[in-house]
Amino acid sequence: MKINPNVPLEYGTEENSNRIFGFWIFLGAEIALFSTLFAVYFTLWNRSGSGPTASEIFELKGVLVETFLLLTSSFTCGLAIHAMRHGFKKATLVFFAITLLMGLGFLGVEITEFVTYVHDGATLSTSAFLSSLFVLLGTHGLHVTMGFLWGAAIMIQIKREGFTPDTTNKSFIFSLYWHFLDVVWIFIFSFVYLKGMM
Amino acid sequence: MMKQLFPIKHVMGYIFSLVLSVVALAVLMDGITYTVGLAILLICAILQAGTQLFLFMHINESKDTKTSLYLNIAYALFVGLVTIFGTLFTMIWGY
């Protein structure tokens, strides 16, 4: 295995740098996926029928907590990669742990929000608005759940094997995914919640 | 050590993203029209996405792949925007 010393370890082999490139292409497909869900939501968001409207069910407090958690976790994820590039194993693991815990906190708030909606009679089948809302938020939440499991698996590997071309490459790709989920959330925060409460 | 763990660029980027989220809240104030509100949301969201892309995701860190990654994201955004505005064009705006 030829490792290029002039680039960060995760880019070191040709295969690894191709993996990072390939993941960017996957993120391009994710942009297309979320665009379709946003398109559906924007089409249906005021078709609430006899169910509640957006401004009736959205609560600013939970949304702000979710936004704060994801923004901060994105920051600590960036710090984890930065620490990784300096070879600080312990700091990387701590930053990843904080990142994942905040992701878990985000999911907790989101699930509570869903339970509240359903409790108030706003379910997936109540109206076109709620169907499109749950599918958009649910797809994002599912991504965060996957990210949590994925990140936890990578943390175990770093702990076991240290920083190798493999583990650094996986960590960096995971960080791209996590930052991307934050970007998607920003658009949900702005164009679903804030726009809905305007 | 602290300086190595918390690089100033990342800290500034984080603060910038928090500030942008607070600025976006301005759209909830009375007296902001719908159009102005949408413009504020759009500008804040684009700046937020840029912060993530350039600062945290290091999209431009490698000279070899930089152009391809820009093209990839630009193309994905093109597909996404056509999907969203094409849908609105046919389903909402009534053409």
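This is a predicted model: local features need pLDDT of at least 70, side-chain atom pairs count only at pLDDT 80 or more; totals for chains, interfaces and linings use all residues.
**View 1. B:Leu53 counts as partly exposed, because 19 C-beta neighbours fall inside 10 Å.** Residues are numbered from 1 along each chain as its sequence is written, and chains are lettered from A and ligands numbered from 1 in the order in which they are written. B:Leu53 sits in helix α3 of chain B. Helices are DSSP runs (H or I, at least four residues), as are strands (E, at least two), numbered from the N terminus. B:Leu53 and B:Leu88 are 35 residues apart along the chain, and their C-alpha atoms are separated by 27 Å.

**View 2. B:Leu69 is buried, with 23 C-beta neighbours inside 10 Å.** Helix α4 of chain B (residues 63-91) holds B:Leu69. Beyond its neighbours within four places in sequence, B:Leu69 is in contact with A:Trp24 and B:Ile59. Contact means that the C-beta atoms of two residues, placed from the backbone, lie within 7 Å. B:Ile59 is 10 residues from B:Leu69 in sequence, with a C-alpha to C-alpha separation of 6.9 Å.

**View 3. Chain B has four helices and zero strands.** Its radius of gyration is 18 Å, well over the 12 Å of the globule rule for 95 residues, so chain B is more spread out than a compact globule. The radius is taken over C-alpha atoms; the rule is 2.2 Å times the number of residues to the power 0.38. Along the principal axes, the C-alpha atoms of chain B fill a box of roughly 60 × 40 × 10 Å. Of the 95 residues in chain B, 19% are buried. Domain 1 covers 1-57 of chain B and domain 2 covers 62-95, with bounds from an automatic or database domain assignment. The C-alpha centres of the two domains of chain B lie 22 Å apart.

**View 4. Chain B meets chain A through 38 residues of chain B and 35 residues of chain A.** On the chain B side, the elements giving two or more residues are α1 (2-5), α2 (8-24), α3 (34-56) and α4. The largest share, 14 residues, comes from α4(B).

**View 5. Helix α4 (residues 89-119) and helix α5 (residues 128-161) of chain A cross at roughly 155 degrees, their axes coming within 10 Å.** Axes are lines fitted to C-alpha atoms, for helices over the stretch in contact; angles run from 0 to 180 degrees between N-to-C directions. α4(A) and α5(A) are therefore roughly antiparallel. Angles under 35 degrees count as roughly parallel, over 145 as roughly antiparallel, 65 to 115 as roughly perpendicular and the rest as oblique. Among the residues in contact are A:Phe96, A:Leu100 and A:Gly103 of α4(A), and A:Val144, A:Phe148 and A:Gly151 of α5(A).

**View 6. Helix α1 (residues 14-44) and helix α6 (residues 165-197) of chain A pack at about 20 degrees, with axes 11 Å apart.** α1(A) is therefore roughly parallel to α6(A). The contact includes A:Phe23, A:Leu27 and A:Phe34 of α1(A), and A:Phe172, A:Leu176 and A:Phe180 of α6(A).

Note on methods: A residue is buried if 20 or more other C-beta atoms lie within 10 Å of its own, exposed if 12 or fewer, and partly exposed in between; C-beta atoms are placed from the backbone.
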